[in-house]
Amino acid sequence: MDEEAKIRQFAEVAKTIFAPAYPAVARQIINTLGIKQGMALEVGTGPGLLAYELVKQSELKVFALDNKFKALVLAKEILNEKGADFQRLYLCCGDVLNLPFPNHTFNLVCSRGSFFFWQDKIKGLKEIYRVLRPGGRAMIGGGFGKKEIKEEICVKIKTVYPDWEKRVAKRRREFSQERLYHLALKAGIKDPTVIYDEINMWIVFAK
């Protein structure tokens, strides 16, 4: 399967099987960070559905970033169908290892799912810290919002990705609570918090 086919497959999964997770995760991010206004950045937006929910549930202006231009073209189509507010939602192409934004730009930065695939996780965290404003907060990692949502997704997604449970188990072996914490420390982040349980794997920090 070529890259474009993979992008389209993932977008279809996001629109259907993963659909219940995005409102719940957006709510979790907003409530955990306590930020509903200002500028926000979502890293690894894919089809843009988490960014869409962040805009719906807050007054944030959200920059939805992905390093694959084809993913952003598809995201624009999906978000147009949903009637997204493009006065507060901006799609942009760029890499977390070299974010195309000045220092101290964002009140909130988040990323769900992409962190585990960054080529240099420490550098990515440093870049996120760089673009946070003083007093800004970030939530990086993965989660489903609610246990019931994860259980529902895990049943359905095996029809598309039969090895899903093995992938999840491998990720948890590679990214323990202790490792996530130490990655944040190595990135120069002071006093990070790790939210880690059966549905969450998040690094939370402030500047």
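Charges. I looked up where the charges sit, and the mean positions of the 34 positive and 24 negative charges of the protein are 3 Å apart. For this I counted Lys and Arg as positive and Asp and Glu as negative, leaving out His and the chain ends, and I placed each charge at NZ of Lys, CZ of Arg, CG of Asp or CD of Glu.

Ground rules. I noted that this is a predicted model, in which local features need pLDDT of at least 70 and side-chain atom pairs count only at pLDDT 80 or more, while totals for chains, interfaces and linings use all residues. Residues are numbered from 1 along each chain as its sequence is written, and side-chain values use heavy atoms, with hydrogens and water left out.

Overall build. I found eight helices and seven strands in the protein, taking helices (H or I, at least four residues) and strands (E, at least two) as DSSP runs numbered from the N terminus. The radius of gyration is 16 Å, close to the 17 Å that the globule rule gives for 207 residues, so the protein is as compact as a globular protein of that length; the radius is taken over C-alpha atoms, and the rule is 2.2 Å times the number of residues to the power 0.38. Of the 207 residues, 49% count as buried, where buried means under 20% relative accessible area, exposed over 50%, and partly exposed in between (1.4 Å probe, protein chains only).

Strand S1. I looked at S1 (residues 39-43) and saw that four of its five residues are buried. S1 runs parallel to strand S2 (residues 61-66), and five bridges join the two; strands pair if DSSP finds at least two bridges between them. Within this pairing, alanine 40 has valine 62 of S2 as its bridge partner.

Leaving out residues up to four places away in sequence, glycine 142 touches Arg112, Gly113, Phe116, Ile199, Asn200, Met201 and Trp202.

Notes
Contact means heavy atoms within 4.5 Å.
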